[in-house]
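Here are some friendly notes to read beside the model. Please keep the structure open as you go through the points.

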Amino acid sequence: MSEQTVSIDGEEFAFSDLEQDAQVMIGRVQQLREAQQKLQIQLIENERSIASWEADIRNSIKSVEAEESASQ
């Protein structure tokens with residue numbers, strides 16, 4: 001199995017050669033990047049849900065207006 005390497009400022013380092021503090025910080029950065037990706041997906045999903053609800057609202061208003069016009 002090959003050793004895990006980390007690129008820092010364009011230079012490759014063996015993860016195991018780094019100080020423990022650096023290893024912990026790298027792990028935290030990875031966690032934060034994963035969380036950021038999940039939040040970006042959630043944002044896209046929220047935007048799509050909002051757009052869908054807005055379309056439903058517009059369609060329901062048009063339906064009510066059409067019914068009122070037909071009954072007059």
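1. A definition to begin with: two strands pair if DSSP finds at least two bridges between them. Helices (H or I, at least four residues) and strands (E, at least two) are DSSP runs, numbered from the N terminus.

2. A word on the ground rules. This is a predicted model, in which local features need pLDDT of at least 70 and side-chain atom pairs count only at pLDDT 80 or more, while totals for chains, interfaces and linings use all residues. Residues are numbered from 1 along each chain as its sequence is written, and side-chain values use heavy atoms, with hydrogens and water left out.

3. Now the overall layout. The protein has two strands and one helix, and from the N terminus on the order is β-β-α. With a radius of gyration of 26 Å, well over the 11 Å that the globule rule gives for 72 residues, the protein is more spread out than a compact globule. Here the radius is taken over C-alpha atoms, and the rule is 2.2 Å times the number of residues to the power 0.38. The C-alpha trace spans about 80 × 25 × 20 Å along its principal axes.

4. Next, the hairpin. Strand β1 (residues 5-8) pairs with strand β2 (residues 11-14) in the antiparallel sense, over four bridges. Across from V6 stands F13 in β2.

5. Do have a look at D9, in the loop between β1 and β2. The hairpin has two residues between its strands, and D9 takes a positive phi near 55 degrees. Why is that worth a glance? Most residues other than glycine have a negative phi. D9 counts as exposed, at 82% relative accessibility; exposed means over 50% relative accessible area, buried under 20%, and partly exposed in between (1.4 Å probe, protein chains only).

6. On to the helix, α1, which covers residues 20-71 and includes S52. S52 and M25 are 27 residues apart along the chain, and their C-alpha atoms are separated by 40 Å.

7. Finally, surface and charge. Of the 72 residues, 6% count as buried. The accessible surface is about 6700 Å², with 51% of it belonging to carbon and sulfur atoms; the areas come from the Shrake-Rupley method with a 1.4 Å probe. The protein has 6 positive and 15 negative charges, whose mean positions are 8 Å apart. Lys and Arg count as positive and Asp and Glu as negative, leaving out His and the chain ends, and each charge is placed at NZ of Lys, CZ of Arg, CG of Asp or CD of Glu.
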